[in-house]
Amino acid sequence: MIKKFEKAEEAFLVFTLVVMVALIFGQVVGRYVFSNAPSWTEEMARYIHIFQVWIGASYAVKLREHIRVEAFITRFKGLPRKILETISLIIWFAMALFLAYFGTDLVLSSIANGQVTPAMQLPMWIPFLAIPLGGIGMCIRLIQQLIKIWQGDYEMHKGGDLPA
């Protein structure tokens, strides 16, 4: 199940990048070659980018690519290091859970209000959906990291893998 989630996440990020580049390219060609570009392409590219940021944040947790200051924590080894890593992950998990919870609240209130996007007239809850999805994805990834830290080495390498 987790492997399918990881593959779907990667495929989504690659596919949306291709679509976003094509939309922006079409917008530029339309604007400069034909002196007329549809406004919906810019809006669609913006919403795709929002999803890429939030889903990409979850993916970056897997790869351990988020910015963090390690000058203090790398001075510790063994159990103290695992405890510090755990505290860090719990704080981060609380923030991701906060984003997922209140992002869901934002989506539900947007559905109730019937907001729509300006150019495409999409329901506004669709772009807002990126927030809880990203928060939930980060929560899943942080739980995976916590398990790996306590099962093996606390030194996690890029790609989320423990050393062999």
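**Note on a predicted helical model**

1. Start with helix H5. At 1.5 Å a residue, its 22 residues should span 32 Å, and its end C-alpha atoms are 31 Å apart, which agrees. The expected span is 1.5 Å times one less than the number of residues. Helices (H or I, at least four residues) and strands (E, at least two) are DSSP runs, numbered from the N terminus.

2. A word on the source. This is a predicted model, in which local features need pLDDT of at least 70 and side-chain atom pairs count only at pLDDT 80 or more, while totals for chains, interfaces and linings use all residues. Residues are numbered from 1 along each chain as its sequence is written, and side-chain values use heavy atoms, with hydrogens and water left out.

3. Back to H5. Its buried residues include Ala130, Ile131, Gly134, Gly137, Met138, Arg141, Leu142 and Gln145. Buried means under 20% relative accessible area, exposed over 50%, and partly exposed in between (1.4 Å probe, protein chains only). The buried residues of H5 pack against H1, H2, H3 and H4. Contact here means heavy atoms within 4.5 Å.

4. Look at Gln145, which sits in H5 (residues 130-151). Its relative accessible area is 5%, so Gln145 is buried. The side chain of Gln145 makes a polar contact of 3.2 Å with that of Arg64. A polar contact is a pair of N or O atoms within 3.5 Å; within protein, one must be able to donate a hydrogen and the other to accept it, and residues adjacent in sequence count only if both atoms are side-chain atoms.

5. Next, the pair H2 and H5. Their axes come within 8 Å and cross at roughly 5°. The two helices are therefore roughly parallel to each other. Axes are lines fitted to C-alpha atoms, for helices over the stretch in contact, and angles run from 0 to 180 degrees between N-to-C directions. Angles under 35 degrees count as roughly parallel, over 145 as roughly antiparallel, 65 to 115 as roughly perpendicular and the rest as oblique. On the H2 side, the residues that meet H5 include Ile50, Trp54, Ala57 and Val61. Gln145 is among the H5 residues in this contact.

6. His66 lies in the loop between H2 and H3. Its relative accessibility is 29%, so His66 counts as partly exposed. Leaving out residues up to four places away in sequence, His66 touches Ala57, Ala60, Val61 and Trp92. A polar atom of the His66 side chain lies 2.9 Å from the backbone oxygen of Ala57.

7. Now H3 (residues 78-113). At 1.5 Å a residue, its 36 residues should span 52 Å; the end C-alpha atoms are 52 Å apart, which agrees. Buried residues in H3 include Arg81, Glu85, Leu89, Trp92 and Ala96. Their cover includes H2 (39-63), H4 (125-128) and H5.

8. Which residue just after H3 takes a positive phi? Gly114 does, at about 70°. Asn113 lies in H3. With a relative accessible area of 59%, Asn113 is exposed.

9. H1 (residues 2-32) passes the length check too: 31 residues should span 45 Å, and its end C-alpha atoms are 45 Å apart. Its buried residues include Glu6, Glu9, Leu13 and Thr16. H2 and H5 are among the elements that cover them.

10. Last, the record. UniProt (unreviewed entry) places "transmembrane region" at residues 12-34, 46-63, 83-104 and 124-143. UniProt positions follow the numbering used here, feature names are shortened, and annotations may be inferred rather than shown by experiment. In the model, residues 12-34 are 91% helix and 0% strand. Residues 83-104 are 100% helix and 0% strand.
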